[in-house]
Amino acid sequence: MLGDYSLTDLSSIFVMQGFAGLILFSVYTLMALGLAIIFGQMGVINMAHGEFMILGAYMTYLCSGFFQTHLPALFPAYFFVAMALAFVASGALGMLVEWALIRHLYKRPLDTLLATWGLSLILQQAYRTIFGPREVGVELPAWLIGSVQVTDTIEIPINGMFVMAITLLITAGVALLMYRSRFGAQVRAVVQNRPMAGAVGIDTEKVDRLTFGLGCGIAGVAGSAFTMVGSTGPTSGQLYIVDTFLIVVFGGAASLLGTIASAFSISQTQSTLEFFLSGSTAKVITLLAVVGILMLRPQGLFTLKVRR
Amino acid sequence: MAESKGNGLQSALRRRLLMGLAGVPAIALMPRMAFAAGPATATVNTTGLAVTDTEVTVGILHSATGTMAISETGSIQAEKLAIAQINEAGGVLGRKIKIIQEDGASDWPTFAEKAKKLLVNDHCAAVMGCWTSASRKAALPVFEQYNGLLYYPTFYEGLEQSKNVIYTGQEATQQILESLNWVAKEKGAKTYFFIGSDYIWPRTSNKIARKHIENVLKTKVVGEEYFPLGHTQFNSVINKLKLTKPDVIFTDVVGGSNVAFYKQLKAAGIDLSKQTLLTISVTEDEIDGIGGDNIAGAYSCMKYFQSLKNPNNEKFVAAFHKMWGEKTVIGDVTQAAYLGPFLWKMAVEKAGSFDVDKVAAASADIEFKEAPEGYVKIHPNHHLWSKTRVAKALPNGQFEVVYESKDLIEPNPFPKGYQ
Amino acid sequence: MISPKSTSTVHDNPFMKPMEWISLALLAAVIFLVLPMLLDAFRLNLVGKYLTYSFVALGLVICWGFGGILSLGQGVFFGLGGYLMAMFLKLEASSVENTKIQSTPGIPDFMDWNQITELPWFWKPFTSLPFTILAVIVVPAFFAFVIGSAMFRRRVGGTYFAIITQAIAAILTILIVGQQGYTGGINGITDLRTLNGWDIRTDRAHNILYFVNGGLLVACILFAQYVKRSKLGRILVAMRDKEDRVRFSGYPVASFKTFAFCLAAVFAAIGGAMFTLQVGFMSPSFVGIVPSIEMVIYAAVGGRLSLFGAVWGTLLVNWAKTTFSESFPELWLFGLGGLFILVVLAFPNGLAGIYRTYVEPRLTRRVKALEPAPAVALPHAAE
């Protein structure tokens, strides 16, 4: 299929295709980061993760409406406020859920799955009741729309680069927090040995709540960023959940680096296949490959060296 | 329920228990024989439908929950509006319409189950309902088996015709062929790229479009891509568009994917005021989610747009807004759903009876001159004669009609040479 | 969850204890007598549909409750069973005579719409009913065997297994939807009419199928009970609680787990086939993640350790779902979601747990008072 095109055409397509893959990579990383913390570090299966993302998206929607009507002068900058708000709202809801639901179930990981599935149904219906069943569109500030003309034939979408930048920032932030801060050390201590961590004076309950809140908050930011590329409806969250879990599992659950590596490999595979095959086939082949590899190497790409 | 614990229930129960022992299937026939009121009812209702001297029951069967609720809400609203207007004007054969609403929950088997409930338990005289092809395919055997009457509002792929269904939306050839002719003539289009969601309606529609493009217009399709429902990443296919540079992008992407697709198209720098994009899946409802700015400049082909200028439509839009709020938009399917109750009412009055067989037979050649889309007529094949219009999306979320077929187009669900 | 009383040996461990016989009799009475008498044909057909889900729940009790393997992909097997049966019925419904308006008569309508002009090879054997029935059992079992043996041998367990099975459900759905020329796509396989010439759409046929379905269900319960009582069942429970000890005792843990998973798959497939027969079509919406998880909740509500509970749980949740969605169509998700959370938080052993804690002790006291025979002192079940 590539025979009929000129070399410059082809090379610029390859550049743009590379960027398409990178954007997908950012999206996947954002989706998976929150879950990597909740599932990878805490071992909690949060099936309502998608709904926490959508909460962030709805916050962005509300924010854009508010700025448009009340503070039109500040509209270009509303997105940053919206993301902060999304983080706070999803994080707060996450902490509430941890307190009301999750903390009773730490010893029964499979049961958290069922309970959070119930939670996701309730949240979906709540969104439907509050925001209506239709999808809502978020108005973007002008500077986020359009693309950068690199050469005559290469164009890079601005919002894609924005998502990439956010992903970079958040990933760096999470890495710092988990591996360079006191809080991160506490989280890892609790993960590795809860009674021992408690014995040396770490308030494990508080750490759990904050960790869960952090994971949900990041999901909220992801949701906020997605309003630029995707849609926001009551059931949009469900679309992401399988992909997200696969990424985290494929990466090796307890490893942040693994999550990023797996998001990278899955997104590149899918984006390349999509270019050569049809969209549906590409998706099936990617998922099959991931499941196949997981069957041969269940611990995922990267893993902590622990005997289970 | 709670107070009916007297002797009546007990004896009814005992009778049923005996019946059950005698022959379980007989129970199904029981309630059907239970009706026998005034003579008027007896003459207009010989098959045991839920018709009394003052009321007639009609079902509404759409998804109020699940992914399809986004699209189907408008249809529910339009049908309720139409029924309210009919009741205000005196009802059907002097009887007010009573609504029983069921939720298909975006789940095809649920549609079949609820359709059966509406027909077998509630004895609805007609059902306004279904939206996706899949829900119709699931419910159709139920309507045929129990001899119900379904008014189906969505534009769809054709290849179907049933005594028990009136299709108030367009079938694929009505919608597509005229608009392809228009784009070929008006834009001088030579190459086309198809992008669709992966299910029967886009695939069949694209097949028809491809045959027309290749055999009639003698031009070329340079690409055809399908994505799973709910897919949200279109950057790769957008790159393919940039590589192949088609004259026309022809899309039938549905649901949430739509939003992602147009946002990413715009972000990738494809300017719809220069690049012709023809869609058969975007109505005002979808633009609500996509955002007018993101799709402005695209052409949509439908039989109805909210901005149509005619007295019928102005009255309809005003009434719709009065009932459901100023901000609600009205798309093609919403208008088609609005037609259902009126077409049924006229067929019942023509037949002088609620009996499904008589209503179905009387439906052919029913004319509805007050239709918001202008004028429609039921073809003997139970589809509607209608006009096709091409309109350009505006940033405010409305459409500006740029072309309207001169005559009503004949519905042709089994098009020769396009299968 | 092993109660300290369960020191009984094989000898004084009969196939079913008196209370269990009573439960079975009660269930049979409700399925075969009470419901058919109280319900009209439409509602009875609905109950028949719900009962097909209880096959899945029954399988989950074995593989999740006893074996500790939670599969979120049971919809795959339910769907496989249903699709295989639907293929047979569809071929029968697509006789040349019925399909003469098509461009290629004699093949299913959706193939014709997708320009397929010849019956694909893997459809051909499904003109035979015995082959179909065999396939309904063998294909899902084989599929489960491949998945199970690949994963259990590498000691994939718990949450990982759940997520991978979930992904498999997603893959199969996309595949079925994408290959619509061969599978009917998102519409599924619809408009099924006859089984070897017998019209399955009439009320009478629905009634007969309902009783066949009930009979199969009771047979499956008895088989599951046999497994539970056998050594294998007790090893499963032991494995769930202390997998390493069982492994160190020399038992091939992976094979036992694979067997439990295959058994659950076969049960689900039987349910799927019965579903197709009673409902008259099959669609990918039973294969995906959402139905798979819903089926897990049936087992959870009924009590993941109780075979009878699985059936009651299925009936209860579906009854609630139908009632809720008929009276409050826009609110039923709240109810369903609340039910999930309530069961997990407050009643982890579901209906059966409530029964065992609150009802059974009283019943036992009554029975004892009536008939003071210490030999049938009804020790709690091994779980």
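The model is predicted: local features need pLDDT of at least 70, side-chain atom pairs count only at pLDDT 80 or more, and totals for chains, interfaces and linings use all residues. Residues are numbered from 1 along each chain as its sequence is written, while chains are lettered from A and ligands numbered from 1 in the order in which they are written.

I'll start with helix pairs. Two packed helices are described by the angle between their axes and the distance between the axes. Axes here are lines fitted to C-alpha atoms, for helices over the stretch in contact, with angles from 0 to 180 degrees between N-to-C directions. Helices (H or I, at least four residues) and strands (E, at least two) are DSSP runs, numbered from the N terminus.

Within chain C, the axes of H2(C) and H8(C) are 9 Å apart, at an angle of about 15°. The two helices are therefore roughly parallel to each other. For that wording, angles under 35 degrees count as roughly parallel, over 145 as roughly antiparallel, 65 to 115 as roughly perpendicular and the rest as oblique. The residues of this contact are 14 nonpolar, eight polar and two charged. Nonpolar means Ala, Val, Leu, Ile, Met, Phe, Trp, Tyr, Cys and Pro; charged means Asp, Glu, Lys and Arg; the others, Gly among them, are polar.

The second pair joins two chains.

Now chain B and its neighbours. Which has 37 residues in contact with chain B? Chain A does, and they touch 34 residues of chain B; contact means C-beta atoms, placed from the backbone, within 7 Å. H1(A) gives the largest share of chain A's side, seven residues. That side has 14 nonpolar, 15 polar and eight charged residues.

On the other interface, 31 residues of chain C are in contact with 35 residues of chain B. Helices H1 (18–38), H2 (41–66), H6 (158–178) and H8 (203–229) of chain C each supply at least two residues of that side. It divides into 13 nonpolar, twelve polar and six charged residues.

Notes: Two residues are in contact if their C-beta atoms, placed from the backbone, lie within 7 Å.
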